[in-house]
Amino acid sequence: MGSGSRLVFPCSASASSPAFLVPSFPSSSQLNFKSFLTRTLPSPTAVTFLRMASSSPSSVTDGNVIHPPPPSSSNDAASATFAAAPPSASSAIDFLTLCHSLKTTKRTGWVRKEVQNPESIADHMYRMGLMALIASDIPGIDRDKCVKMAIVHDIAEAIVGDITPSDGIPKDEKSRREREALDHMCKLLGGGSRAKEISELWTEYEENSSSEAKIVKDFDKVEMILQALEYENEQGVDLDEFFQSTAGKFQTDVGKAWASEIASRRRKR
């Protein structure tokens with residue numbers, strides 16, 4: 001990149017006057033745009049889009065934001081195609097490489113209880129996905145959506161790790177860190193429809209705002225107590241606190257039924 005080049009990033013301003021951000025990379029505690037850019041090159045489509053944005057006639061309202069003239073209908077169609085485009089091969093592999101840490105990061109609760117060879121975050125999400133896949137059909141429930149939600153609900157932990165109540169981090173701060181991490185991952189993926197879907201699924205789960213989210217939240221607890229029972233049986237450890245922490249907190253019939261079955265098997269040991 002020549003010394004006279006400037007990077008221009010599309011961001012939302014208004015429907016009639018979209019804006020493009022020219023980052024100055026100040027130091028801050030937020031996610032660092034500069035480190036993101038040094039690790040991830042935009043796709044050829046994105047480069048073309050950015051060059052078009054930077055070379056179009058524009059008016060500068062301050063040192064950072066450039067407002068191009070209102071797009072024509074053909075530009076609207078091009079923008080829609082760009083937003084719906086799948087991630088490039090480069091963006092996809094960058095995203096998946098970051099997700100590798102989900103396979104290697106052990107779940108904090110088991111580590112604290114000194115469980116041997118504890119499961120990873122990805123292990124936990126995978127079995128939740130299977131739960132959503134095999135659960136009985138429920139009228140009005142989108143099973144495919146539940147499967148997707150299960151495999152993305154902890155995805156921000158690829159960056160922030162598995163934060164638990166015993167870490168002493170306030171719930172709002174935990175949510176802020178995870179949201180910031182998720183936004184970074186969606187940008188790494190290149191934006192577009194896939195990133196939007198991941199973000200929407202994650203937000204819906206966090207806010208417990210749908211019937212699917214309630215079911216998946218129950219699966220989160222069910223998977224944990226099933227894993228606790230398995231560790232108790234295999235290693236002779238006492239993990240009663242995990243059963244106590246979920247007692248009475250299941251929101252759905254399927255969650256209550258599966259939790260009851262696990263509790264029954266535990267009593268019969």
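## Overall make-up and confidence

Of its 269 residues, 38% are buried. When contacts between residues at least 6 apart in sequence are considered, 65% of them join residues at least 24 apart.

The mean pLDDT of the chain is 80, with 69% of the residues reaching 70 or more. Over residues 71–75 the pLDDT falls below 50, and this stretch has 2 contacts in the model beyond near neighbours in sequence. The pLDDT is also below 50 over residues 77–82, a stretch for which the model has 3 contacts beyond near neighbours in sequence. Where pLDDT is low, the predicted coordinates should not be read in detail.

## Helix H9 against helix H10

Two packed helices are described by the angle between their axes and the distance between the axes. For helix H9 (residues 171–188) and helix H10 (residues 192–207), the axes come within 9 Å and cross at roughly 165°. Because angles over 145 degrees count as roughly antiparallel, H9 and H10 are described as roughly antiparallel to each other. The crossing in which H9 passes H10 is right-handed.

On the H9 side, the contact is made by Ser175, Glu178, Arg179, Leu182 and Cys186, while H10 contributes Ala195, Ile198, Ser199, Trp202, Thr203 and Glu206. Sorted by class, the residues of this contact between H9 and H10 comprise 5 nonpolar, 3 polar and 3 charged.

## Helix H9 against helix H4

Helix H9 also packs with helix H4 (residues 89–104), the two axes coming within 8 Å and crossing at roughly 145°. From H4, the residues Ser91, Asp94, Phe95, Leu98 and Cys99 meet His184, Met185 and Leu188 of H9. The contact of H4 with H9 is made up of 5 nonpolar, 2 polar and 1 charged residues.

Although alanine 263 and isoleucine 225 are 38 residues apart in sequence, their C-alpha atoms are 8.6 Å apart in space.

Technical notes. Residues are numbered from 1 along each chain as its sequence is written. This is a predicted model: local features need pLDDT of at least 70, side-chain atom pairs count only at pLDDT 80 or more; totals for chains, interfaces and linings use all residues. Side-chain values use heavy atoms; hydrogens and water are left out. pLDDT is the predictor's confidence in each residue, from 0 to 100. Contact means heavy atoms within 4.5 Å. Axes are lines fitted to C-alpha atoms, for helices over the stretch in contact, and angles run from 0 to 180 degrees between N-to-C directions. Helices (H or I, at least four residues) and strands (E, at least two) are DSSP runs, numbered from the N terminus. Angles under 35 degrees count as roughly parallel, over 145 as roughly antiparallel, 65 to 115 as roughly perpendicular and the rest as oblique. A crossing is left-handed if the near helix is turned anticlockwise from the far one by less than a right angle, and right-handed if clockwise. Ala, Val, Leu, Ile, Met, Phe, Trp, Tyr, Cys and Pro count as nonpolar, Asp, Glu, Lys and Arg as charged, and the others, Gly among them, as polar. Buried means under 20% relative accessible area, exposed over 50%, partly exposed in between (1.4 Å probe, protein chains only).
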